[in-house]
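Good morning, everyone, and thank you for making time for this short talk. Please look at the sequence and the structure on the screen, and I will take you through a helix and then some charged pairs.

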Amino acid sequence: MSRILISTSRYRISNVQQPIQKSLSFASKQYLRQARSLSSYLDSQCLEKLTSSISVSSFQTRCREYSTTVGFGQPIHETHPHLLKHAELTPGITAMEYHIRRHKLMEHMPLHSVAILVGADLKYRSGPVFYEFHQEPNFFYLTGFLEPKAVAVIEKADETDFIFHLIVQEKNEREELWDGPRTGTYGAKEIFNADEAGDVKYLRSYLDPIIKRASRVYMDLPSTSNAFTRFFEQQAASATNHTSIVELLKHHGKYNSLQAVKPLVHELRKIKSSAEIAVMREAGRISGKVINKAYGTPFKKEADLDAFLDYHFRIGGCEKSAYVPVVAGGAHALGIHYTRNDDIFRDGELILIDAGGQYGGYCADISRAWPVNGKFTEPQKDLYQAVLNVQKYCIDMCTTNYTLEEIQEASIRQVSIELRNIGFHATYSDISNVLYPHYIGHNLGIDVHDVPTVSKQRLLENGQVITIEPGVYVPEDSLNFPKHFRGIGIRIEDDVCINNEDPIILNVEAAKEIVDVEAACAKRFE
């Protein structure tokens, strides 16, 4: 049933003028039997150790001919060796790790149940003009598949094994002429290790027998609109029997017992593997170096710095920016999610950025503030150091002894202490509602605000990655706070991996000590 394959992208193109020769790596039958029997009593950690010791010699290869359009729907090692190492499906993550993730999900499901995960579709800006595609995170986590209009089904066949179905757009020469290559059903099996694959064009008929025989169905029904857009929607005509997933579930009596799959996957995503941490470390390294470069570059406009960050994230090795960045000059920093980025920088003010690159599908999330002219004024320096002291205190709490909620409470106390030390007389309400109105941090991973269903009141665990991002935002027009601090907004944010008593900052390259920031800024004058 579920395959265990060491190689992910196994096509080797010898000559595009001839039928493509593909070197396909398959698990030997002997190894497959051994792995399945072991999986019945090995826990997930043991399974991961087992698979990490597999050698290529455990596998045999064979060749077939493949005569349709050259290319696949995303990079593979043989076509993009500059992006992917051997056996990787996505940068830093192997096909085996994706298999292990599906296996771990299966362990949390009852016998004969199925999990259905719906991939994302293209979103259109207007007419045929579409936005950049972004895969649904839970679907991506379990498959590594980066094409739109796909569905993954994990069917627990017995206590130790599962069937992995991947339903995708079939190869179509005419459509691929316009939209680029697709992986197709054959590639879904041979590259993405699906046990069974189907054409999404026949999705209803493919899912019908699976749902019929399922003891329970786990699925998140996609939300197609929010309250604003629903107000303007015309009510759709009632669907013909079996034309929607809801009707299909109702027809087989599974709708009322439908369970959300998101909490199960979020539990898996919460704890990062060593490979995931390495990928996030690379995202942090690239992003941190870009921010240091920005310190030493003069900018006249927010838009210039915005473009600089995105460009250097990409040429530094990231796929793109992880999110729309905050690039705020002066009092614009008082807007926590200010993203217009359309004003000029003014001498004597601070620049606040909240930005990071995405590498291998994983996000960096970093905030820094520095002077437009390269030198902090005394009030700026005092407020910056106060925020930095709070951040360092909270990072020290990033251990398995504390919850994120406890770190939040501590951050409010520390902000109060630090602000009192520099002349503020702020009440608890002043701090929590005005000066520091946001949370200390959040989980980080495939999403910027990762796994939101995970409670902040649970103890942090090794392998969990969170942000620590205290900030102080002093209103311009408030008479309650010292005049020389008014209009200043500062946030300092790092990505922290929980590691027993020794938290690891994944973006350590990004300077944040005042002396280091000013030294980096001084490079613009060299």
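Which residues are buried in H3? Before I answer, please keep in mind that this is a predicted model, in which local features need pLDDT of at least 70 and side-chain atom pairs count only at pLDDT 80 or more, while totals for chains, interfaces and linings use all residues. Residues are numbered from 1 along each chain as its sequence is written, and side-chain values use heavy atoms, with hydrogens and water left out.

The buried residues of H3 are Ala-95, Met-96, Glu-97, Tyr-98, His-99, Ile-100, Arg-101, Arg-102, His-103, Leu-105 and Met-106, where buried means under 20% relative accessible area, exposed means over 50%, and partly exposed lies in between, using a 1.4 Å probe and protein chains only. Because 11 of the 13 residues of H3 are buried, this helix is largely enclosed by the rest of the structure. Helices here are DSSP runs of H or I with at least four residues, strands are runs of E with at least two, and both are numbered from the N terminus. Helix H3, residues 95–107, reaches 19 Å from its first C-alpha to its last, close to the 18 Å expected, the expected span being 1.5 Å times one less than the number of residues.

Let me turn to the charged pairs. A search of the whole structure finds 27 salt bridges, each being a side-chain nitrogen of Lys or Arg within 4 Å of a carboxyl oxygen of Asp or Glu.

One of them joins Arg-204 to Asp-208, with the closest N and O atoms 3.6 Å apart, and both residues lie in helix H7 (residues 203–213), 4 residues apart, which is about one turn of the helix. Arg-204 has 38% relative accessibility, so it counts as partly exposed.

Another salt bridge is formed by Asp-447 and Arg-269, whose closest N and O atoms are 3.2 Å apart. This pair links distant parts of the chain, 178 residues apart, since Asp-447 is in the loop between helix H15 (428–435) and strand S18 (465–468), whereas Arg-269 is in helix H10 (residues 262–270). Asp-447 is partly exposed at 22% relative accessibility, while Arg-269, at 2%, counts as buried.

Asp-342 also forms a salt bridge, with Arg-340, at 3.1 Å between the closest N and O atoms; here Asp-342 is partly exposed at 47%, and Arg-340 is exposed at 61%.

Finally, Glu-267, Lys-270, Arg-458 and Glu-461 are linked in a network of salt bridges.
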